[in-house]
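Keep the structure open beside you as you read.

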Amino acid sequence: MIFAIEEINQNPEIIPNHTLGYKIYNACGISNIIRSAIDLANGRREIIDERNCTKSDTALAVLGHSGSQPTMGFAQIIGGFHIPVISHFATCECLSDREEFSSFFRTIPSDQHQSRALAKLIKHFGWTWVGTLSNKDNYGISGITAFIQAAQEEGVCIEYYKAFQQTDPLHKLTKLVEVIKHSTSKVILAFMSHREIKVLAAELYKHNVTGLQWVGSDAWITDHSLTDSEGHSILVGSLGFVVSRAHIPGLEEHLRGLHPSHFPESQFLRDFWEDVFDCSLRSTAQMRRKLCSGSESLQNVNSQFTDVSELRFTHNVYKSVYAVAHALHDLLTCEEGKGPFTNGTCADAKHILPWQVLHYLQNINFTTNQGERVFFDENGGPPARYDLINVQSANSGTMNVATVGFFDATLPHEHQFKMNGVKIVWGGGHHMVPVSVCSESCRPGMHKVLQKRRPVCCYDCVLCADGEISNTTDSMECLKCPIDYWPNTRRDTCILKETEFLSFTEIMGIILTFFCLVGVILTTVIALVIFQFRETPIVKANNSELSFLLLFSLTLCFLCSLTFIGRPSEWSCMLRHTAFGITFVLCISCVLGKTIVVLVAFRATLPGSNMMKWFGPVQQRLSVLGFTLIQVLICILWLTISPPFPFKNMQHYEERIILECALGSAVGFWAVLGYIGLLAVLCFILAFLARNLPDSFNEAKLITFSMLIFCAVWITFIPAYVSSPGKFTVAVEIFAILASSYGLLFCIFIPKCFIILLKPEENTKKHLMVKTTKERNY
């Protein structure tokens, strides 16, 4: 303070033609501090010399105190006299109440800012479960209350809060130690003065409570007197915010140039001098030290007093003096008529009143020689800027700290807190960032479920439900995947659902394709055999024209099965059902024609019958054509009104999409099947009636058996088709087509081929005539 005042007095650009004076009260204890403040407020007018130079009746500004509680004690009293009070270290947020402390200013940010900075620090390192301590005065209670509120906004939970005072009985201290010992949080935030933390650290050290990460307020985090405590070692690794470090040019030279003779009434300087040089400034009878020679100098002495490398709160004092000086400068340089008071008046330079200084002090805005901008907000506080301090070692009388981060409340919210990359020493000797959580983090794919009657930081991790994901750590809820997506196995991302359809490349598709092609080849071979032996009696006797048409339709039946395999498309969906319906009707029509031929042929052998002329080759062709055209007409109507179309079925399976052909019109589909079934039943009835009729090869029995297989296959197809899931629906349909086609092929044509190829002796007209005669006689 003295250095700043002398620097200002030597600077002609600040309050020229005026000199700042001061009076120091080195008072301890609340009562002495308040008495000193009242003395400053009630100073008497005093004549200095004949030039009528006078002191002010009252102090124009009061600098101090360091503590919040003493400052509150006299700031209210001083405020009644409108005397500005500027503190460099009183941080209690309660002092921001302008109604109660209308003349209070400070050059250190209030605890409201520090509390928010500490909450951001806790959140930055992922500590969501912390214990909190404070002393019982307004400083501690106000600061810890602001911290708890800010911490809760950041998602941090408080395991416990305990208030402690240095003067508390020992049993209360022991009880506090037990709470800390049995808590699960590994981080403790202590919002208290260096006096309480000393006592607490010593007691924790005695009970061997170590390994904790301490986070402290600026009242103790850099206090070198902590090293006098027995338990100071457990505070190594502590983190906390303090005001930014600054450099004051010339201060070190000023301090090293001091001598007790400059301040003969300063007890502090006298005691300091005698302690540093181990000598006595006054000769007494009980003198235990040698008499000081007077040549002692601080020029080559290294001590905390001359160390200006860590100017933090000291710089706040420096700014306080300059704030008053700039307020006085603005007051003294006021132009009459442009002043801030009534009718534009200015203050009387010879009779300056404290309330006038108070007005100008509220509106100061200047930049120091170090480039720092100084002003006061509406609550009398400065902008909040802090250094994050890490206590890296502590020896007797020495505390080594490092700046590991910064906080600037004037920046945007997301950029206010930053680390600078300096390696941190953690509490308890840990090499990694300590973990202090109530519950371990929930990995992506899980979400938090809060535990009953416990803070929100205590929860269970539950796997996301089917169809839901969480892609962040500690997610409170899971997100539902879009309809075309499904969670991966970890349930932390949505992936496109697998599309399922019967493919040519899968085992089932390959097997069905194989049987389709075998059926085509076998039908072609049989057709070639029958064509080769078309002039033989057994072929002629069984209507070779209908036989070739039936073989052709069976080939189409086998081939249409292939349209059911592969990715459904608009054209394939329409083709597969219509081709299936038409080819099967063609096939059944041929079989029906053969059955009618057997019946008509038998009736034609009876005396007087002329049935064959009514069902000759032309009628046979027309019947096949007529029956087939009816199915073609049904298919055309189906395709015109509501044709089949590709459809993504997402109802049957949640985790995959079934790509299938929707029927479009269900009536059309069942009309096609119904018509096939009607012809098949009619054919079966006619063949059953003709099963015992004698014919050239008894083909009616073969047709009856083939129709029995055909009907059995398609009757069992219906429930299997309805109940089969996904691609198995298509597989069942293909199986029914193949089974019925093979049934017709084997039952009707294999016996003929057997005789043609293996028993040619039976393929004669004589043999057939004998067989027919025997059957008729029977």
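## Where H1 meets H10

Helices H1 and H10 cross in a right-handed way, meaning that the near helix is turned clockwise from the far one by less than a right angle. H1 covers residues 2-9 and H10 residues 313-332; the two pack at an angle of about 35°, with their axes 8 Å apart. Axes here are lines fitted to C-alpha atoms over the stretch in contact, and angles run from 0 to 180 degrees between N-to-C directions. Helices (H or I, at least four residues) and strands (E, at least two) are DSSP runs, numbered from the N terminus.

On the H1 side, Phe3, Ala4, Ile5, Glu7 and Ile8 make the contact, and H10 supplies Tyr318, Val321, Tyr322 and Ala325; contact means heavy atoms within 4.5 Å. Sorted by class, that contact has 8 nonpolar, no polar and 1 charged residues. Nonpolar covers Ala, Val, Leu, Ile, Met, Phe, Trp, Tyr, Cys and Pro, charged covers Asp, Glu, Lys and Arg, and the others, Gly among them, are polar.

A note on the model: it is predicted, with local features needing pLDDT of at least 70 and side-chain atom pairs counting only at pLDDT 80 or more, while totals for chains, interfaces and linings use all residues. Residues are numbered from 1 along each chain as its sequence is written, and side-chain values use heavy atoms, with hydrogens and water left out.

## H2 and H3

The axes of H2 (residues 30-41) and H3 (residues 68-79) come within 9 Å and cross at roughly 30°. H2 is therefore roughly parallel to H3 (angles under 35 degrees count as such). Their crossing is right-handed. Ile30, Ile33, Ile34, Ala37, Ile38 and Ala41 of H2 meet Gln69, Pro70, Gly73, Phe74, Ile77 and Ile78 of H3. By class, this contact has 10 nonpolar, 2 polar and no charged residues.

Among the buried residues of H3 are Ser68, Met72 and Ala75, where buried means under 20% relative accessible area (1.4 Å probe, protein chains only). The buried residues of H3 pack against H2, strands S1 (62-63), S2 (85-87) and S3 (104-106), and helix H5 (138-153).

Which residues of H7 are buried? They are Glu196, Ile197, Leu200, Ala201, Ala202, Glu203 and Leu204. Their cover includes strand S4 (129-134), H6, strand S6 (187-191) and strand S7 (213-216). After H7 comes Asn208, whose phi is positive, near 55°.

Definitions and conventions. Angles under 35 degrees count as roughly parallel, over 145 as roughly antiparallel, 65 to 115 as roughly perpendicular and the rest as oblique. Buried means under 20% relative accessible area, exposed over 50%, partly exposed in between (1.4 Å probe, protein chains only).
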